[in-house]
Amino acid sequence: MSRVYNFSAGPAVLPEEVLQEAASEMLDYQGTGMSVMEMSHRSKAFDKIIKDAEADLRELMGIPDNYKVLFLQGGASQQFAAIPMNLMKNRVADYIVTGQWAKKAYQEAQLYGKVNKIASSEDQTFSYIPDCSDLPISEDADYVYICENNTIYGTKYKKLPNTKGKPLVADVSSCFLSEPVDVSKYALIYGGAQKNIGPAGVVIVIIREDLVTDDVLPGTPTMLKYKTQADNGSLYNTPPCYGIYICGKVFKWLKAQGGLEVMKERNEAKAKVLYDFLDQSDLFHGTVRREDRSIMNVPFVTGDADLDARFVKEATAAGFVNLKGHRTVGGMRASIYNAMPFAGLEALVEFMREFEKENQK
Ligand SMILES: *Cc1c(COP(=O)(O)O)cnc(C)c1O
C-alpha cells in the first residue's frame, strides 16, 4: 500500500488513523455484527454515533446552547436555496461576492427575493477580500451572507464584516474546524463535510435557535425546513449515516490532537512553508493579496500555462496529486486541510525547488 500526498480541494485528504479505525470496524461495528453502513438509523448504536458526533462538535467549536447542530444532505449547494427559504422573512438579503461559491449562492437567492450585492472582488478575479467595515447594509435585510474561505481563489476573511446588527450567514465549507471560531458572532454557519471534515454526503448547519421557526417562505419543502430537521434531531428521514460516523471519528481525532487552537497553529505553520517558498521563488508565485491569503487553499502559477501543465504532470508522477488549479482559474492549487501532514508541505516545496532549478527562466 502506498499513500500519495493528496492536495485535492474536495473530496479531500482524511486522517489516516480515522481511515484505519473505520477499516477495522467495517465488518463488525463494536460487536453489532454489522457495518455502520448496514445498521438502522434508529438503532441504539447509531443513536450513540450521531449524539457523540454532535457533542464532540459542540465541544470543539464551543457552540453555545442556543444553537442547533444539524447533519443534513444535499451538499453546501442545497443550502444556497435552503437559507433564503428559511431566513428571508422580508424577502431581502445582502450578499458579499468573493468567489464562485458566493456568486452561486447569490444567484440562487435571487429566486426567492431581492438580493443585493453589497460588495464584490470580481473586478480583480476574486484575488482579495473587500473592505467590509462600513458596507451599505440594507435596512430591511434578513441577513448578510459571506463565503468565509474561498476554496477556488484562496482568500479568507481575516475579520468578519460589520453587518450593522443584521444576522451573519457564513459558508465555511473549506475552513470548517481549521481554527477556533466564535460561533456567537454568526446566525448560521454551514459547510459541506468533504473539504475539511469527512466524506461527501454530509452538510453541517449550525443555526441560532430563534431562527429555527415555521415562518418560512411558502412552498419550502418539508425536508428543507430547518425546523423539521431540528425537531427530529437530524433524523426526520434516513440521514447520511456512514458519513456522519466518519465525521464523528474526525471530531474525536481533532480533540485528540488538542483541538482547534492546535489545528490553527499547525495549519499556519504548514501554509507558511508554502507561502514562504512562493514569496522568494523566481518561477512560482501566489495569486492572492497577501493579507487575505487562505491557510487552507493556496493557488499559485508560473505565469506560463504550458509550464504549469508540466509541473502538474511531473508532480503527479512524483506522488503529489490533485494540484491542478480549478478549471475556471488554471495554474495550481494546493489544498492543505487539517489532515495534510507538515511533511507533505516540506516534500512539496522540495519538489518545487527542484522543478524551479530544472526550469530556470
Ligand atoms: C465545495 C464548496 C461548495 C459546494 O459544495 P457541494 O457540497 O458540492 O455543494 C460550496 N461552498 C464552498 C466554499 C465550497 O468549497
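Predicted model: local features only at pLDDT ≥ 70, side-chain atom pairs only at ≥ 80, totals over all residues.
Residues are numbered from 1 along each chain as its sequence is written, and side-chain values use heavy atoms, leaving out hydrogens and water.

**Exercise 1. Describe the ligand shell and its polar contacts.**

Step 1. List the shell, meaning residues with a heavy atom within 4 Å of the ligand. Among them are Phe80, Trp101, Thr151 and Asp171.

Step 2. Sort the shell. Four residues are nonpolar, six polar and two charged. Here Ala, Val, Leu, Ile, Met, Phe, Trp, Tyr, Cys and Pro count as nonpolar, Asp, Glu, Lys and Arg as charged, and the others, Gly among them, as polar.

Step 3. Find the largest contributor. Helix α3 (residues 75-87) supplies four residues, the largest share. Helices are DSSP runs of H or I, at least four residues; strands are runs of E, at least two.

Step 4. Check N or O pairs within 3.5 Å. The side chain of Thr151 lies 2.4 Å from a ligand oxygen. A polar side-chain atom of Asp171 is 2.6 Å from a ligand nitrogen.

**Exercise 2. Trace the sheet.**

Step 1. Write the order. The sheet is open, with seven strands, β2-β10-β9-β8-β5-β3-β4, and mixed pairing. Paired strands share at least two DSSP bridges.

Step 2. Take one pair. β3 (residues 92-97) and β5 (residues 144-147) run parallel over two bridges. Asp94 has Val144 in β5 as its bridge partner.

Notes. Near = heavy atom within 4 Å. Polar contact = N/O pair within 3.5 Å; in protein donor to acceptor, adjacent residues only side chain to side chain.
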